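This report describes a ligand site and a helix pair. The structure is shown first, and the description follows.

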Amino acid sequence: MTKILNSEEDSKCSDDYQDVNSTKKETSEEEPNKSIDSIADIVNEDDFNSFGFSKDLVHTLTKKGYKSPTPIQKAAIPELMLGRDLLGQAQTGTGKTAAFALPILERIKTNKGDPQVLVLAPTRELAMQVAESFNAYSEGHPEIKVLAVYGGSDFRSQINSLRRGVNIVVGTPGRVMDHMRQGTLAKNSLKTLVLDEADEMLRMGFIDDIEWILEQLPEEKQMILFSATMPSEIRRLSKRYLEDPAEITIKSKKKDAKLIRQRYITIQNSHKLDALKRILETSTEEAVIIFARTKLITQRLAEALEVANYNVAVLNGDVPQNLRERTVERLRIGGIDILVATDVAARGLDVERIELVINYDMPFDTEAYIHRIGRTGRAGRSGEAILFVSPRERSYLSNFERVAGQKIEQMDIPNNEYINKFRLEKLKKSLRDESSADENGELIIFTKLIEEMEEEYKMEAKELAINALKLATGKSNLLIDEDESWLKQQDNFKRRNDRHDDRNRSRRKNNRFESAMTERDKNRYRLEVGHRDHVKPGNIVGAIANESGLKGKMIGRIQIFNDYSLVDLPKGMPNEIFQNLKRVKIMNKELNISIFN
Ligand code: AMP
């Protein structure tokens, strides 16, 4: 039986989703229309009470402001409450974490000390987030212990926590394997396994690790697999390990992307920072996220913006986990307004205040572009995205338009005239809106002062107002008068691009961007880890991807020998990344990467 939620049901759901499509295997052949083989068919799914959740959980959800389940929750929770396996196709932002976390929490037996639930996630950021969600949802049950285990965090303290007793473990595959091998993570007690963002784990080269982990688990268990896309490898995995799973597909609305206005500027590298400042000065958005390619660039940008008096912070792989969490919290509550981030560090970031995404450096591929612009337009808000494109990168634009399903408009970089108009309007507005309420009794003093000045110096109110404005605007020049001749060059790019664009559109090849990226010449590198260190390709891909921001698929052939390994990476690796990669550790050994000739 295929269950398709109709549009009426759909309209009750949050606006973020559409096309809910839940397929369930039929068990009752006689009465297909009334077959009640799961709770899903009998409950009123409009609030969380109908799932048979405990009072505590419903209370926690109400406190969190969750009014009704999202489509994925409506479809998945009843199945998972029955203990069924589940194959879910859903992206972040659909409420998928709660879809599996809530039924898991309701079914867990806390009197058992050994872990009953294992969640595998591709990155430490996601592992942290999922563990946090479990903690938040189990607020009414402090006896439920959740632990996140991921590379880069202290192994000893993880072992100590595991010894003290943990019910739910959320981890990245590499670290989970390490714990299983060492016997510090009990395997036989595991009753539920969740693979979250399975396609991302596949892309990062973790598939062998996942299969290894799956082989370690007891035969009898519930398996839940979530993936944003369903590549054949994930299908194969689900066929092999999932038993009669409920299948649910949530397609995010194309309309979502359309809520985001997407524009680009053509800009030479040497003028990028200037253009960025001009755009920021004239933007009216609440909070902004700026994406840059390397950690070094994020650092430099943040410093430059700090000098320009912005409340700015950096989010990159060098920022320790606890500081990252605090930074995101500060952004959420308005302590900072601009975040300069790398792709990896900003994965899954969900802050409603972000209304503008600036792609200071072009993303590595179309997927990263969609992920980046998805940081805005959260919770049904509209958002803006601006892409910086160098003249040479211009041909990739059409691929971003294709995946975004809309045209990316050309935008003018604000010139002096525009900025000055903006500044004056702002000043006018603040003069108009300045409260004339007399909070500290200053009004009487000021009025008296002006009257005295008019009297004593024979000055007019207008003259006095001008002087007051001069004082208020301080020493900084009210109007900008910087060299803007380079902006004229942008106009030339524009004219050339328009012509180029017309020609290009007519013979656009869909996969040009991907192929241009993947076929780019690669260099071969040597890493000082090998079979003797028990290294697997997944470890290498994971470490390099996390450190360099390269997507798994940009990482080429990997050959592992006894005491070293070889890997192909795109040419032109920035020196900073190269130096950082030298120090990255796999299996506790530094990679000490070097060019291999
Ligand atoms: P996820 O797709 O799991 O990354 O969740 C996206 C966001 O939606 C998170 O910030 C959740 O806290 C939030 N969320 C999940 N379920 C609901 C719900 N039923 N109502 C409101 N917000 C929700």
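## Ligand shell and helix packing

In this predicted model, the shell around the ligand is made up of eight polar, three nonpolar and two charged residues. The residues around the ligand number 13, and those that come nearest are Tyr66, Gln73, Gly93, Gly95 and Thr97.

| Residue | Atom of the residue | Distance to a ligand oxygen atom |
|---|---|---|
| Tyr66 | polar side-chain atom | 2.5 Å |
| Gly95 | polar backbone atom | 2.7 Å |
| Asp350 | N or O atom in the side chain | 3.1 Å |

The ligand taken alone exposes 500 Å², of which the protein buries 72%.

The second topic is a pair of helices. Two packed helices are described by the angle between their axes and by the distance between those axes. For helix α9 (residues 207–216) and helix α10 (residues 232–241), the angle is about 5° and the axes are 12 Å apart. Because angles under 35 degrees count as roughly parallel, α9 is roughly parallel to α10.

On the α9 side, the contact is formed by Ile207, Ile210, Glu211, Leu214 and Glu215. These meet Glu233, Arg236, Leu237, Arg240 and Tyr241 of α10. By class, the contact of α9 with α10 comprises five nonpolar and five charged residues, with no polar ones.

Notes: Residues are numbered from 1 along each chain as its sequence is written. This is a predicted model: local features need pLDDT of at least 70, side-chain atom pairs count only at pLDDT 80 or more; totals for chains, interfaces and linings use all residues. Side-chain values use heavy atoms; hydrogens and water are left out. A residue is near a molecule or strand if one of its heavy atoms lies within 4 Å of it. A polar contact is a pair of N or O atoms within 3.5 Å; within protein, one must be able to donate a hydrogen and the other to accept it, and residues adjacent in sequence count only if both atoms are side-chain atoms. Accessible areas come from the Shrake-Rupley method with a 1.4 Å probe; for residues, only the protein chains shown count as cover. Ala, Val, Leu, Ile, Met, Phe, Trp, Tyr, Cys and Pro count as nonpolar, Asp, Glu, Lys and Arg as charged, and the others, Gly among them, as polar. Axes are lines fitted to C-alpha atoms, for helices over the stretch in contact, and angles run from 0 to 180 degrees between N-to-C directions. Helices (H or I, at least four residues) and strands (E, at least two) are DSSP runs, numbered from the N terminus. Angles under 35 degrees count as roughly parallel, over 145 as roughly antiparallel, 65 to 115 as roughly perpendicular and the rest as oblique. Contact means heavy atoms within 4.5 Å.
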